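I opened the model to go through it entry by entry, and I note here what I looked up and how each term was defined.

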Amino acid sequence: MGKEVVVMDKERLRHVLRELKERHEEEWNSHKEQVLSSLKRISEILLKERLTFEDIEQIRTIRDSIPEKFKWFNIWFPRDKSECINLYNNKKIKKLLKISSETDNSNFETKLGEIVNVINEIINDRSITNVGIATLSSFIAVVNPTMFMPIAYNVINKQFRIDFSVKVFWGSRSNPEKYLEFMKTIKEIASSLRIDSILEVAFYISKYKGENRNNDDINDLKEKINNLLNTKNQIILYG
């Protein structure tokens, strides 16, 4: 069997992202400095040669300061601190973070291939447990939000998956090759729309409610007006 890849209608996605950008760009701009600054601070800790318990506490404190609507990053684990330390300091995790942090527009596809190779190594390493695409993509996006986005249910929501035929490729169904194809597609479309940060794309996708509901704000206004008119009519009828 050949590799199963993520196939999305690129033109349709480009159209939807353009609309979502027009609708939510102001909201993104009002928070992006705080979010990106927090991620940079976390990244500096993650990229240290060796993390301590104090570093882990600092990561949690910084993450907790990020606005709730941007808390997509599975980088803090409700488990024993020693287990956290072992994960953060694992050589393969360190390798993944290093490659991710070195990725830019000039080497994106090459580095993405290297990243997927390391992800496969990590997933197949029995000494590393409870870590899949969702967690690893969060680490990757934290150290390089310009080029990557976290992959999780609260970003790629059910309606988006249905409308764009995206099968779940994280969690128990982690599939690094699907992650590779998905990131290539997102990067291509973001570049065409002149969106500088893939994390910004993640924000817009998380806002997706379905194309039939893209005009929710207008529909909500119409509903309020109709309710107001109905109330007015009732007042007139009842005197």
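Where is the place of Ile75? I found Ile75 in the loop between helix 2 and helix 3, where helices (H or I, at least four residues) and strands (E, at least two) are DSSP runs numbered from the N terminus.

**Ground rules.** I kept in mind that this is a predicted model, in which local features need pLDDT of at least 70 and side-chain atom pairs count only at pLDDT 80 or more, while totals for chains, interfaces and linings use all residues. Residues are numbered from 1 along each chain as its sequence is written, and side-chain values use heavy atoms, with hydrogens and water left out.

**Ile75, continued.** Leaving aside neighbours within four places in sequence, I listed Ile42, Ile59, Arg63, Tyr88, Ser138, Phe139 and Val142 as the contacts of Ile75, a contact being heavy atoms within 4.5 Å. Ile42 lies 33 residues from Ile75 along the chain, and I noted a C-alpha separation of 9.7 Å for this pair.

**The chain as a whole.** I counted 10 helices and 0 strands in the secondary structure. Of the 239 residues, 47% count as buried, and among contacts with a separation of 6 or more, 73% are between residues 24 or more positions apart.

**Nonpolar core.** Which residues have the most contacts inside the largest nonpolar core? They are Met149 and Tyr179, in a core of 74 residues, where a nonpolar core is a set of buried Ala, Val, Leu, Ile, Met, Phe, Trp, Tyr and Cys residues joined through side-chain atoms within 4.5 Å. I then checked which elements supply at least two residues each, and these include helix 1 (10-46), helix 5 (108-123) and helix 8 (176-192). The largest share, 10 residues, comes from helix 1. For Met149, leaving aside neighbours within four places in sequence, I recorded contacts that include Ala141, Val155, Phe182, Ile186, Ile198 and Ala202.

**Helix 9.** I turned to helix 9 and found 8 of its 9 residues buried, so helix 9 is largely enclosed by the rest of the structure. The buried residues are Ile198, Leu199, Glu200, Val201, Ala202, Phe203, Tyr204 and Ile205, and what covers them includes helix 1, helix 7 (158-163) and helix 8. At the start of helix 9, I saw a side-chain oxygen of Ser197 reaching to within 3.1 Å of the backbone nitrogen of Leu199.

**Arg14.** Is Arg14 buried or exposed? Arg14, whose place is in helix 1, is buried, with a relative accessible area of 12%. Its side chain is joined to that of Ser192 by a polar contact of 2.9 Å, a polar contact being a pair of N or O atoms within 3.5 Å; within protein, one must be able to donate a hydrogen and the other to accept it, and residues adjacent in sequence count only if both atoms are side-chain atoms. Not counting residues up to four places away in sequence, Arg14 touches Glu188, Ile189, Ser192 and Leu193.

Asn130 lies in the loop between helix 5 and helix 6 and counts as exposed at 62% relative accessibility. Arg194 is in the loop between helix 8 and helix 9 and counts as exposed at 74%.

**Packing of helix 4.** I noted an angle of about 40 degrees between helix 4 and helix 6, with their axes 8 Å apart; axes are lines fitted to C-alpha atoms, for helices over the stretch in contact, and angles run from 0 to 180 degrees between N-to-C directions. That makes helix 4 oblique to helix 6, since angles under 35 degrees count as roughly parallel, over 145 as roughly antiparallel, 65 to 115 as roughly perpendicular and the rest as oblique. The contact is made by residues including Ile93 and Leu97 of helix 4 and Phe139 and Ile140 of helix 6. Helix 4 and helix 5 pack at about 165 degrees, with their axes 10 Å apart, and are therefore roughly antiparallel to each other.

Definitions and conventions
Buried < 20%, exposed > 50% of the residue type's maximum accessible area, 1.4 Å probe, protein only.
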